[in-house]
Amino acid sequence: MKKLFKLILNTIPRPLLIRLSYVARPIIAFSLRGTNFTDPIDGKSFKSMLPYGYETQRNNVLSPSTLSLERHRLLWLYLNEQTDFFTSTAKKKVLHFAPEQAFYKLFRNQKNLEYTTTDLFSPLADVKADICNLPFEDNQYDVILCNHVLEHIPDDTKAMQELYRVLKPGGMAILQIPQDLKRATTFADDTITDQKERAKIFGQYDHVRIYGRDYFDKLRSIGFTVVEEDYTNKIAPELVAKYCLAKGEIIPVCFK
């Protein structure tokens, strides 16, 4: 199964993969029903999660029901338990980059959210836009969600500046990225152009860098106030395992 999932991820274009997943998801979720692991987003349990990874496959990480990964489930827990994202009586303007299926309908149906999605290619995007040149006015959004996008962007400084520009003063942006916390500094090499070589070095053929611990300071240099939220350490260890979270993953919670 791991080889099959790796082949699918590396050969089927992402927009088509999103459309196909709507057909396959209920069948796979039904076949994997069990009690070993639980997706906290929808509360469904399974005997195993699915593998995932463009280069190195990780076991028990992809939820059969919501198609959430570790980072999505951690983000959902944080939003649900530590913020008023779902409970605020005042309507929040939310901008969501590259919207994930795990969240799309859930957030769209929230009565307290004025929810806008954006991406250059996703079929789930309301607005087709370049993150480095956003078609939105300054100080527009209460919440920005940008999950594993910046590692794809050659000029991530410009992208961060645009995110800061459209966030309201006092607003919150959660800007998750794949990060190697063992690295002090971010690594990039534009001379590596072969897709297989990029996948080996960066973990995915369309990634352009590996972020290190300096990611948080780069966000601060843009103007954000950054909270490095180590939220898995605030969750009971048995639930970290039950929910298939990545222990020690840091959520970059940014404020303007």
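These numbered points describe the fold and packing of a predicted model.

1. Overall composition. The protein chain has 256 residues, 50% of which count as buried. Its secondary structure amounts to eight helices and 13 strands. Of the contacts between residues at least 6 apart in sequence, 61% join residues at least 24 apart. The accessible surface is about 12500 Å², and carbon and sulfur atoms account for 54% of that area.

2. The sheet. Seven strands make up an open sheet with mixed pairing, in the order β7-β6-β5-β8-β9-β13-β12. The edge positions are taken by β7 (127–128) and β12; each has a single partner strand, so one side of each lacks a neighbour in the sheet. Within the sheet, β9 and β13 are antiparallel and share three bridges. Isoleucine 174 has valine 253 of β13 as its bridge partner.

3. Helices on the sheet. Helix α3 (residues 70–82) lies across β9, β12 and β13, and runs at about 140° to β9. Helix α7 also packs on the sheet, where α7 touches β12 and β13; the direction of α7 makes about 160° with that of β12.

4. The buried side of α7. The residues Tyr215, Phe216, Leu219 and Ile222 of α7 are buried. They lie on the same side of α7 because the arc they cover around the axis is only 110°. In general, an α-helix has 3.6 residues a turn, so residues three or four places apart point the same way. The buried residues of α7 pack against α5, β12 (225–229) and β13 (251–255). After α7 comes glycine 223, with a positive phi near 130°.

5. The buried side of α5. Here the buried residues are Asp156, Ala159, Met160, Glu162, Leu163 and Val166. These cover an arc of only 160° around the axis, which means that they are on the same side of α5. The packing partners of the buried residues of α5 are β5, β8, β9, β11 (209–210) and α7.

6. The largest nonpolar core. This core holds 30 residues, and Ile131 and Phe224 touch the most other members. Two or more residues each come from β5 (92–97), β8 (141–146), α5 (156–166), β9 (167–174) and α7 (215–222). A second, separate core has 28 residues, including Ile41, Leu75, Phe85 and Ala102. As a general point, nonpolar side chains in soluble globular proteins tend to be buried together.

7. Surroundings of Phe224. Which residues is phenylalanine 224 in contact with, leaving aside its neighbours within four places in sequence? The contacts are Met160, Leu163, Tyr164, Leu167, Ala173, Leu175, Leu219, Cys254 and Phe255. Of these, Met160 and Leu163 are among the buried residues of α5, and Leu219 is one of the buried residues of α7.

8. The β3–β4 hairpin. Strands β3 (residues 50–52) and β4 (residues 58–62) run antiparallel and are joined by two bridges. Tyrosine 52 is opposite arginine 58 of β4. Five residues lie between the strands of this hairpin, and glycine 53 has a positive phi near 150°.

Terms used:
Residues numbered from 1 in each chain as written. Predicted model: local features only at pLDDT ≥ 70, side-chain atom pairs only at ≥ 80, totals over all residues. Heavy atoms only, no water. Core = buried A, V, L, I, M, F, W, Y, C linked by side-chain atoms within 4.5 Å. Buried < 20%, exposed > 50% of the residue type's maximum accessible area, 1.4 Å probe, protein only. Helix = DSSP H or I, 4+ residues; strand = E, 2+ residues; numbered from the N terminus. Contact = heavy atoms within 4.5 Å. Areas by Shrake-Rupley, 256 points an atom, 1.4 Å probe, with all protein chains shown as cover. Arc of directions from axis to C-beta. Pairing = 2+ DSSP bridges. Axes fitted to C-alpha atoms, helices over the stretch in contact; angles between N-to-C directions.
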